[in-house]
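Trainee: I have the model open and would like to go through it with you. Could we start with the terms and then move to the details?

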Amino acid sequence: MRRLLALAGIGAVLAASAAHAAQPVEWQMTLQPAATDIMSQVRWFEQYTLWFIVPITLLVLLLLAWCIIKYRASVNPTASRTSHNTLIEVIWTVGPVVILLFLAIPSFQLLTAQYTPEEEAQLTIKATGNQWNWDYEYQVEEPLTFNAAMLQEDQRAAAGKEDIAVYPRLLAVDNEVVVPVNTMVRVLVTAADVIHAFAMPAFGIKVDAVPGRINETWFKANKEGLYYGQCSELCGKDHAFMPIAIRVVNEAQYTTWLAAARTDLSGANKALVAEVEAAKAVTVAGN
């Protein structure tokens with residue numbers, strides 16, 4: 001009985017961790033869990049296209065195998081000289097056109113949704129890519145700016161981020177972007193040196209950061225948690241060490257963090273991490 005309770009407790013901890021973070025996992029074959037409506041549509045479209053890709057791939061494989069076996073030289077010494085077949089040409093012309101229509105219509109609908117925010121932005125953040133970290137500017141009444149770089153191993157204890165499962169190596173940062181849940185966020189993306197790319201898989205966003213130009217994207221996270229992305233444009237020798245971390249919290253936590261971060265960013269981050277971890281512990285205990 002104790003063993004079953006222990007296993008249940010471990011399962012609850014893992015479930016809570018999964019609910020509070022989205023990040024790459026080993027041998028991952030699917031997209032990250034969706035944290036926005038756009039990403040939910042992206043996941044649906046990916047699964048939808050598989051209903052076309054898999055049968056077509058199998059059909060081509062079977063046709064190749066059939067041709068290799070049936071028309072090999074040993075059993076078919078006299079090759080066919082057929083140069084025209086109306087039925088076959090109609091099938092391989094009309095078939096792909098119909099398939100492309102079934103793919104194009106939902107594809108265009110998704111593309112339109114990605115570039116059409118459902119409401120006005122309530123928060124605007126400017127993200128500037130550097131070799132090899134990010135500068136963030138909260139464009140609010142009293143602007144807040146800070147730099148976010150990959151968390152070094154010797155910084156974990158001081159930052160209160162010793163849990164590798166939540167703050168993984170090469171993905172955790174010293175200062176996360178903090179946003180409120182269910183809030184439309186506009187992200188203005190640029191770069192200070194070379195081309196970078198701001199990508200957050202769980203949100204379904206990816207946009208180039210180009211020096212001298214500002215690109216715009218947006219997201220509305222509907223789940224609280226800590227989400228990880230990376231620079232997705234080759235930008236130099238430390239390109240692989242340029243993570244992006246966004247922490248989605250409730251409105252009260254965001255307001256408290258923003259007020260404190262203006263005077264003590266490190267202290268505000270530590271307080272927020274402690275509050276989130278305490279809430280997680282209560283959730284696990286409740287399970």
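Mentor: Let us begin with pairing: two strands pair if DSSP finds at least two bridges between them. Helices (H or I, at least four residues) and strands (E, at least two) are DSSP runs, numbered from the N terminus. This is a predicted model, in which local features need pLDDT of at least 70 and side-chain atom pairs count only at pLDDT 80 or more, while totals for chains, interfaces and linings use all residues. Residues are numbered from 1 along each chain as its sequence is written, and side-chain values use heavy atoms, with hydrogens and water left out.

Trainee: OK, what is the strand order in the open sheet of 5 strands?

Mentor: The order is β4-β3-β2-β6-β9, and the pairing is mixed. Strands β4 (144-148) and β9 stand at the edges with a single partner strand each, so one side of each has no neighbour in the sheet. On average, neighbouring strands of this sheet are turned by 25° against each other, direction ignored, where axes are lines fitted to C-alpha atoms, for helices over the stretch in contact, and angles run from 0 to 180 degrees between N-to-C directions.

Trainee: And in which sense do β2 and β6 pair?

Mentor: Strand β2 (residues 123-130) and strand β6 (residues 185-191) pair in the parallel sense, over 7 bridges, and Val187 in β6 is the bridge partner of Ile125. By contrast, β2 and β3 run antiparallel and are joined by 6 bridges, with Ile125 standing opposite Tyr138 in β3, and a hairpin of 2 residues joins these two strands.

Trainee: How many bridges are there between β3 and β4?

Mentor: There are 5 bridges, in the antiparallel sense, and Trp134 stands opposite Ala148 in β4. Strands β3 and β4 also form a hairpin, with 5 residues between them.

Trainee: Which helix packs on the sheet?

Mentor: Helix α5 (residues 251-261) does, touching β2, β3 (133-138) and β4, and its direction makes about 90° with that of β4. Contact here means heavy atoms within 4.5 Å.

Trainee: Switching to Tyr136, is that residue buried or exposed?

Mentor: Tyr136, which lies in strand β3, is buried, with a relative accessible area of 3%; buried means under 20% relative accessible area, exposed over 50%, and partly exposed in between (1.4 Å probe, protein chains only). Leaving aside neighbours within four places in sequence, the contacts of Tyr136 include Ile125, Leu144, Phe146, Val177 and Phe198.

Trainee: What about Glu176, is that one buried or exposed?

Mentor: Glu176 counts as buried, at 2% relative accessibility, and is found in the loop between α4 (156-159) and β5 (177-180). The side chains of Glu176 and Lys161 are joined by a polar contact of 2.7 Å, a polar contact being a pair of N or O atoms within 3.5 Å, where within protein one must be able to donate a hydrogen and the other to accept it, and residues adjacent in sequence count only if both atoms are side-chain atoms. Not counting residues up to four places away in sequence, Glu176 also touches Tyr167, Leu226 and Trp257, among others.

Trainee: Last topic, which residues are buried in α3?

Mentor: Pro106, Leu110 and Ala113 are buried there, and what covers the buried residues of α3 includes α2 (37-70) and β9 (215-219). At the start of α3, a side-chain oxygen of Asn85 reaches to within 3.2 Å of the backbone nitrogen of Leu87.
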